[in-house]
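Biologist: Please take me through this model step by step. I shall ask as we go.

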Amino acid sequence: MINLIEISNLNKKFNLSNDQGLSLFDNLNLSIANNSITSIVGPSGCGKSTLLNILGLLDSKFDGQYMFEGKIINNMNNNQLSRIRNQKIGFIHQFFHLISELSVLENVILPGLINRNKISIITKEACKLLDDFGILAKKNMKPNKLSGGEQQRVASARSLINKPDLILADEMTGNLDEDTSDDIINFFIKFVKNHNISLLFVTHNQKYAEMANFKYELKNKKLILK
Ligand SMILES: Nc1ncnc2c1ncn2[C@@H]1O[C@H](COP(=O)(O)OP(=O)(O)OP(=O)(O)O)[C@@H](O)[C@H]1O
Ligand SMILES: [Mg+2]
């Protein structure tokens with residue numbers, strides 16, 4: 001059985017102005033199985049968002065090999081990467097990245113339109129997801145009129161619209177109160193199990209980290225399986 005993701009010997013360097021450079025990972029390896037739930041914890045600045053950007057094909061400047069569904073992505077061109085990203089990966093960014101000119105509903109349906117789904121069907125599914133996340137009443141508002149937690153829920157709905165194979169969530173409950181956070185985590189776990197989706201999430205919340213099948217800590221530039 002091929003894993004959904006196989007990363008081997010990953011290194012990532014940022015060039016800093018003092019020409020010292022910053023190296024975040026030390027030959028890091030990571031496998032993500034199909035239909036699995038993975039959590040990553042680690043201190044601020046250790047490279048969690050950077051790792052998610054690499055996994056989500058948003059950053060291709062790294063050393064090491066990355067295989068997605070058995071295919072090496074290192075040498076793929078931008079079109080190939082975009083197609084995989086749109087069809088197979090749902091991303092909840094730490095700072096949401098909603099498009100401010102579009103309404104809540106339009107933000108959620110956009111990835112479905114790029115994926116060439118019928119607008120009537122995708123709109124219905126988007127409304128269902130917005131309802132699941134308790135935010136349907138705000139579907140015609142612009143994201144900058146929403147609270148941080150509400151924007152987070154819109155980003156969550158958007159990540160699920162194409163029923164991806166993988167969801168990457170960077171602090172998906174970071175801006176929410178405990179009850180809402182619990183609801184969202186439980187909803188995600190049920191949703192990914194029902195749709196055979198793998199979920200990888202970064203969290204600072206130990207209780208949520210424990211809910212995963214595979215629990216990692218990013219520490220000293222390595223991923224440690226707990
Ligand atoms: N484009 C960039 N250029 C230079 N340095 C960067 C860049 N992006 C991230 N870094 C640095 O890489 C380190 C890791 O950043 P990253 O955002 O991945 O941390 P994180 O683990 O997600 O932290 P947090 O828990 O605060 O979100 C930080 O020191 C950051 O300053
Ligand atoms: Mg981060």
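Biologist: How many bridges join β8 to strand β9 (residues 166-170)?

Modeller: There are 4 bridges between β8 and β9, and the two strands run parallel. Helices (H or I, at least four residues) and strands (E, at least two) are DSSP runs, numbered from the N terminus. Two strands pair if DSSP finds at least two bridges between them.

Biologist: Before we continue, what kind of model is this?

Modeller: It is a predicted model, in which local features need pLDDT of at least 70 and side-chain atom pairs count only at pLDDT 80 or more, while totals for chains, interfaces and linings use all residues. Residues are numbered from 1 along each chain as its sequence is written, and chains are lettered from A and ligands numbered from 1 in the order in which they are written.

Biologist: Back to β9, then. Which residue stands opposite Leu 168?

Modeller: Phe 91 stands opposite Leu 168.

Biologist: And what is the strand order in the open sheet of 6 strands?

Modeller: The order is β8-β9-β10-β5-β11-β12, and the pairing is mixed. β8 (89-92) and β12 (222-225) are at the edges; each has a single partner strand, so one side of each is left without a neighbour in the sheet. From one strand to the next the twist averages 20°. Angles run from 0 to 180 degrees between N-to-C directions, and axes are lines fitted to C-alpha atoms, for helices over the stretch in contact.

Biologist: How does β5 pair with strand β11 (residues 214-219)?

Modeller: β5 and β11 run parallel and are joined by 4 bridges. Within that pair, Ser 39 has Lys 215 of β11 as its bridge partner.

Biologist: What about β11 and β12?

Modeller: Those two strands run antiparallel, again with 4 bridges, and Glu 217 stands opposite Ile 224 in β12. Their hairpin has 2 residues between the strands, and Asn 220 takes a positive phi near 50° there.

Biologist: Which helices lie across strands of this sheet?

Modeller: Helix α5 lies across β8 and β9 and runs at about 175° to β8. Helix α6 (residues 178-194) lies across β5 (37-41), β9 and β10 (198-202), at about 155° to β10. Residues are in contact if their C-beta atoms, placed from the backbone, lie within 7 Å.

Biologist: Now the helix packing. At what angle do α3 and α5 pack?

Modeller: Helix α3 (residues 104-114) and helix α5 (residues 148-160) pack at about 25°, with their axes 7 Å apart. That makes α3 roughly parallel to α5. Angles under 35 degrees count as roughly parallel, over 145 as roughly antiparallel, 65 to 115 as roughly perpendicular and the rest as oblique. On α3 the contact uses Val 104, Asn 107, Val 108 and Pro 111, and on α5 it uses Val 154, Ala 157 and Arg 158.

Biologist: How does α3 sit against helix α4 (residues 119-132)?

Modeller: Their angle is about 130° and their axes are 9 Å apart, which makes α3 oblique to α4. Among the contact residues are Leu 105 and Ile 109 of α3, with Ile 122 and Ala 126 of α4. By class, this contact has 10 nonpolar residues, 2 polar and no charged. Ala, Val, Leu, Ile, Met, Phe, Trp, Tyr, Cys and Pro count as nonpolar, Asp, Glu, Lys and Arg as charged, and the others, Gly among them, as polar.

Biologist: Changing topic, which residues are around ligand 1?

Modeller: The shell consists of Phe 14, Leu 22, Leu 24, Gly 42, Ser 44, Gly 45, Cys 46, Gly 47, Lys 48, Ser 49, Thr 50 and Gln 94. A residue is near a molecule if its C-beta atom, placed from the backbone, lies within 6 Å of it. The shell divides into 4 nonpolar, 7 polar and 1 charged residues.

Biologist: Which helix gives the most to that shell?

Modeller: Helix α1 (residues 48-55) does, with 3 residues.

Biologist: Finally, what is the order in the open sheet of 4 strands?

Modeller: The order is β4-β1-β6-β7, with antiparallel pairing. Strand β6 (residues 63-68) pairs with β7 over 2 bridges in the antiparallel sense, and the bridge partner of Met 67 in β7 is Ile 72.

Note on methods. Two residues are in contact if their C-beta atoms, placed from the backbone, lie within 7 Å.
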